[in-house]
Amino acid sequence: MEHGGQDAQGDGRGENEYGDERTDGPGEATGEAPLEAAGLSERDRAVLAVERHGWPGPGAKERAIRERLGISPTRYYQLLNALLDDPRALAHDPVTVNRLRRVREARRGRR
């Protein structure tokens, strides 16, 4: 991606410190890249990272969600569920996303 000689912070465009393209607004990535190619937000990647981690019990996980992400466990699970349907999340972490999709489908099948 070309930056036209200006840095990412100078013109508000370009890549963030994680190498992901930043978005200008809802549904529009900077440059010519479509939203799907823009990658996940830092928060979305952090949600998947928390889910990838093995937890000894539910209390430790909920505490980590609040401390690391600064959101409630309820909001965390809402975000996580939305990520399971996001192709960018699948491209970023296919093992975790596919495992969680299987768990979700098994739970739906029992209802």
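Leaving aside neighbours within four places in sequence, Leu100 is in contact with Glu51, Leu80 and Leu84, where contact means heavy atoms within 4.5 Å. This is a predicted model, in which local features need pLDDT of at least 70, side-chain atom pairs count only at pLDDT 80 or more, and totals for chains, interfaces and linings use all residues. Residues are numbered from 1 along each chain as its sequence is written, and side-chain values use heavy atoms, with hydrogens and water left out.

**Leu100 in its setting**

- Leu100 has its place in helix H6; helices (H or I, at least four residues) are DSSP runs, numbered from the N terminus.
- With a relative accessible area of 10%, Leu100 is buried (buried means under 20% relative accessible area, exposed over 50%, partly exposed in between, with a 1.4 Å probe and protein chains only).
- Asn81 lies 19 residues from Leu100 along the chain, and the C-alpha atoms of the two are separated by 8.9 Å.

**Where H2 meets H6**

- The axes of H2 and H6 come within 10 Å and cross at roughly 70 degrees; axes are lines fitted to C-alpha atoms, for helices over the stretch in contact, and angles run from 0 to 180 degrees between N-to-C directions.
- H2 and H6 are therefore roughly perpendicular to each other, a label for angles of 65 to 115 degrees.
- From H2, Leu48, Glu51 and Arg52 meet Thr96, Val97, Arg99 and Leu100 of H6.
- Sorted by class, this contact of H2 with H6 holds three nonpolar, one polar and three charged residues.

**The largest nonpolar core**

- The largest nonpolar core has 15 residues, of which Val47, Leu48, Leu69 and Tyr76 touch the most other members. Such a core is a set of buried Ala, Val, Leu, Ile, Met, Phe, Trp, Tyr and Cys residues joined through side-chain atoms within 4.5 Å.
- Two or more residues of this core come from each of helix H2 (42–52), helix H3 (58–69), helix H4 (73–83) and helix H6 (94–110).
- H4 gives the most to this core, with four residues.
- Not counting residues up to four places away in sequence, Val47 touches Leu69, Tyr76, Leu79, Leu80 and Leu83.

**A pair of tyrosines**

- One aromatic pair turns up in a search of the whole structure (ring centres within 6.5 Å; planes under 30 degrees apart count as stacked, over 60 as edge-to-face and the rest as tilted).
- The rings of Tyr76 and Tyr77 have centres 4.9 Å apart and planes at 80 degrees, so the pair is edge-to-face.
- Tyr76 counts as buried at 0% relative accessibility, while Tyr77 counts as partly exposed at 35%.

Terms used. Angles under 35 degrees count as roughly parallel, over 145 as roughly antiparallel, 65 to 115 as roughly perpendicular and the rest as oblique. Ala, Val, Leu, Ile, Met, Phe, Trp, Tyr, Cys and Pro count as nonpolar, Asp, Glu, Lys and Arg as charged, and the others, Gly among them, as polar. Rings of Phe, Tyr and Trp (its six-membered ring) pair if their centres lie within 6.5 Å; planes under 30 degrees apart count as stacked, over 60 as edge-to-face and the rest as tilted.
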